[in-house]
Amino acid sequence: MARNVADHLLRRLREWDVEHVFSYAGDGINGLVAAWARAGDEAPRFVQSRHEELAAFEAVGYAKLSGKVGVCAATSGPGAIHLLNGLYDAKLDHVPVVAIVGQTNRSAMGGSMQQEVDLHSLYKDVAADYVQTAMVPEQLPNLIDRAMRVALSRRTVTAIIIPADLQEADYSPPTHAFKMIPSSLGLSTGRPVPQEADLRRAADVLNAGSKVAIMVGQGARGAADEVAEVADVLGAGVSKALLGKDVLPDDLPYVTGSNGLLGTRPSYELMRDCDTLLMIGSSFPYSQFLPEYDQARAVQIDIDPTMIGLRYPFEVNLQGDAAGTLRALLPMLDRKTDRSWRETVESNVARWWDVLARRAEVTADPINPERVFHDLSPLLPDDAVLTSDSGSAANWYARHLRIRRGMRATLSGTLATMGPGLPYATGAKFAHPDRPVFALVGDGAMQMNGINELITIAKYYREWSDPRVIVGVLNNRDLNQVTWELRAMAGSPDVPFAQHIPDFPYAGFAESIGLAGIKVTEPDQIGSAWQRAIAADRPCVVEFVTDAAVPPIPPHASLDQMESTAEALLRGDPEAWDVLKTGVKSKLQEFLPGR
């Protein structure tokens, strides 16, 4: 029998096969910390972050890259507040995360006690599906079990609030009595498949099309073989949402890469020219990068009925597991004998890779960030795990890195928050300690919280069977993505007081805490620097001094965007000449014949 409530909580998490809890200590969870001390080497392990927001991001990265529930814990008041950004990241990307948070003593609740926050009000949105406060020991099994089941089954965030005094109270299980709630462990997940009549309607739409486009998101991750077979039968091209980057490998000639503002030209062309759209496992939010509303007939497959029909006037909406639904649909599909559409798609893809290669070779001052990613791509190990951060780095991550089968990759999709690139990498290493992890981030994200996360990585890397975490930092002293958005969307010139950030010795800091550090200032050093980092016996920060004037050109820059950018430059943008020079050279690569 567990000694107290905190002991029981850890034991129950252990019974749910929770191996790690990402946390930062505070007096609101002193009882839990004491229970961890008593538990010794027994799971779940307390993984110490540098900040509660980082703990939440670590849990999200762990959940995204392990397929298991991520668990984080924080003290009452400020600790619970700090978790929120990471928890919203999980909620919006449909990732199962359970938050365990402390609260003031039950006797003080409602009395404006120090660090007392109305946590139910605070968490009622981010953990809308399940947030509960434990008031007596007998509640614990049911609260923990339901929090785990709801998080896993609905792929969302849940929260359990445990007052500090209750953590240290003697544990007693619920009895066989009125208004006692028993509980049990485990969850058997189902794989829903639509009815045959609905599948037939979808097949009729897909069979009628002559130019079929498929778009996949993270919900198709377990259906790669089925997606490839459907694409082959229909002669379709396949585009990927950012969260679906690792669903299909980029060495398939009909995979057009990422779609959207950070996407590729062939993905834009696929959506622009298709007459039929099949969307699988994605809530892709940018409808302007989908076909015109009267252009294509469309079918959607998604396991979540609340996310169906949101982005496009779909003719048939199928609720179901991606793999199971596609397997049931395949016998109803007619193989298209005219392969001219597929040939066009493949030609566009081949040309795009040539364009990217030429863009990477465009000279910059001192380093073109596109070349940083382009040179990394062929060097990536087959079992690499990739994370990226929000910002201009996400453009090059989305376009230049060619995913091969077996790789994993993720970033903050729907929330697109800054800061998760490094803590995602930490979560990835606890999920896959035997695989090399690459975190590709900008200097803005590093200064926001990445520097602190390096301390956590330095604390734990010796425990990982493969100690490698390769951190690529784009040091351009600019909040570059927003700078370009200001130019393109607001017609505003560069705003130094808001956009320029201090220089910082990222590689030098890594070395100061026992990690490896490499600073790269010349283009011809890029490949060898990546190779040294991959061969290192410890985590390594590779700092690339890059040119902020290299534009993250959208796959199809609109006239309005080009006019706004030109207007911003004419208003006295201090980088005007460099921007024009580099932008013209980059864009020109799309129109040059061959290499």
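Visitor: Which residues is Leu 87 in contact with, leaving aside its neighbours within four places in sequence?
Guide: Leu 87 is in contact with Ala 56, Cys 72, Val 97, Ala 99, Tyr 123, Val 126 and Val 157. Contact means heavy atoms within 4.5 Å.

Visitor: What am I looking at, and how are residues numbered?
Guide: This is a predicted model, in which local features need pLDDT of at least 70, side-chain atom pairs count only at pLDDT 80 or more, and totals for chains, interfaces and linings use all residues. Residues are numbered from 1 along each chain as its sequence is written, and side-chain values use heavy atoms, leaving out hydrogens and water.

Visitor: Back to the inside. How many residues has the largest nonpolar core?
Guide: That core has 55 residues, and Leu 87 is among those with the most contacts inside it, as are Leu 83 and Met 446. Helix H3 (residues 52-66) gives the largest share, eight residues. A nonpolar core is a set of buried Ala, Val, Leu, Ile, Met, Phe, Trp, Tyr and Cys residues joined through side-chain atoms within 4.5 Å. Buried means under 20% relative accessible area, exposed over 50%, and partly exposed in between (1.4 Å probe, protein chains only). Helices (H or I, at least four residues) and strands (E, at least two) are DSSP runs, numbered from the N terminus.

Visitor: Now charges. How many salt bridges are there?
Guide: The structure holds 26 salt bridges, each a side-chain nitrogen of Lys or Arg within 4 Å of a carboxyl oxygen of Asp or Glu.

Visitor: What does Arg 45 pair with?
Guide: Arg 45 forms a salt bridge with Glu 463, their closest N and O atoms being 2.4 Å apart. Arg 45 lies in strand S2 (residues 45-48) and Glu 463 in the loop between helix H17 (443-460) and strand S16 (469-475), so the pair ties together parts that are 418 residues apart in sequence.

Visitor: Are those two buried or partly exposed?
Guide: Arg 45 counts as partly exposed at 34% relative accessibility, and Glu 463 counts as partly exposed at 44%.

Visitor: And Asp 93, which residue does it bridge to?
Guide: Asp 93 forms a salt bridge with Lys 64, with 2.8 Å between the closest N and O atoms. Asp 93 is in the loop between helix H5 (84-92) and strand S4 (97-103), and Lys 64 is in helix H3, 29 residues apart. Both Asp 93 and Lys 64 are buried.

Visitor: What about Asp 321 and Arg 191: buried or exposed?
Guide: Asp 321 is buried, at 11% relative accessible area, whereas Arg 191 counts as exposed at 61%. Their side chains meet in a salt bridge (3.1 Å, N to O).
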